[in-house]
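Hi everyone, thanks for coming. Let me put the model up on the screen, and then I'll walk you through a few spots in it.

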Amino acid sequence: MTLRLILVRHAKSSWDNPFADDHARVLNDRGRASVSAVADWLAAAGHVPGQVYCSDAARTRETLALILPVWPDAAVVYRSDLYLASPDRMLMVLHKATAPVVAMIAHNPGTAMMACGLVAKRPTHPRFGDFPTCATAVIDFDLEEWKAAQPGLGRAVDFVVPRDLIGSA
C-alpha cells in the first residue's frame, strides 16, 4: 500500500505593509494567479487528498481556499503549530493522518527542508531545493516505510512551480 503526500508552500504574499503582523499577511495578485494555476495542475494530474493539514496563517489559509474547489471532499485541519514549523514538527503532524493521500500547506524553510529530506532522490527540477512560493511536490511512500518515519524513503512523483505553468509574467 502507498501513502501519497502533496506538499505545498503557500503562494506569494503581500508586503504592502512592512509593519503588518507576519501571521496575518494575505496573498498578492501574483500569488492568487499562481494558486489558480497550481490548482488546475493538481486537478488535471489527479492529485486529490482525502485530508489536508494547513498552517493557520492567513496566506496558507488563502492558498488552501483557492485550491479547495478542486479538492471538495478533503477534510481540512488548520494547525497553529504549522506556522513556520520545522520539518520534525511537520512530520509529527503528518503522522496523525489517516487518509491514503494527504496534503500539507505550510511555510519555508520547513517545507523545503522537509521535501528534500523525505525523498531518496531529488527531482531534476532546479527549484526543488529552495521550494519557491506555491511550489508543490507529490511524494509517495510505501506505507511500512512511512510508519518507520525514516528520512529519504520517499519517491518524488511530481514537482511544479507556478512559473512552469504560467511563465514569469
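Asn108 has 18% relative accessibility, so this residue counts as buried; buried here means under 20% relative accessible area, exposed means over 50%, and partly exposed is in between, with a 1.4 Å probe and protein chains only. Before I go on, a quick word on the source: this is a predicted model, where local features need pLDDT of at least 70, side-chain atom pairs count only at pLDDT 80 or more, and totals for chains, interfaces and linings use all residues. Residues are numbered from 1 along each chain as its sequence is written, and side-chain values use heavy atoms, with hydrogens and water left out.

Back to Asn108, which lies in the loop between S4 and H4. Helices (H or I, at least four residues) and strands (E, at least two) are DSSP runs, numbered from the N terminus. What does the side chain of Asn108 reach? One of its polar atoms lies 3.0 Å from the backbone nitrogen of Ala112, and a polar atom of that side chain is also 2.9 Å from the backbone oxygen of Asp130. Leaving aside neighbours within four places in sequence, Asn108 is in contact (heavy atoms within 4.5 Å) with Arg9, Leu84, Asp130 and Phe131.

That brings us to Phe131, which is buried, with a relative accessible area of 0%. Its ring and that of Phe128 have centres 6.0 Å apart and planes at 65 degrees, so the pair is edge-to-face. For the terms: rings of Phe, Tyr and Trp (its six-membered ring) pair if their centres lie within 6.5 Å, with planes under 30 degrees apart counted as stacked, over 60 as edge-to-face and the rest as tilted. Phe128 also forms an edge-to-face pair with Phe159, at 5.1 Å centre to centre and 75 degrees between the planes. This pair links distant parts of the chain, 31 residues apart: Phe128 is in the loop between H4 and S5, and Phe159 is in strand S6 (residues 155-160).

Now for the core. Not counting residues up to four places away in sequence, Met114 touches Leu5, Leu7, Pro87, Met90, Leu91, Leu94 and Met104.

Key: A polar contact is a pair of N or O atoms within 3.5 Å; within protein, one must be able to donate a hydrogen and the other to accept it, and residues adjacent in sequence count only if both atoms are side-chain atoms.
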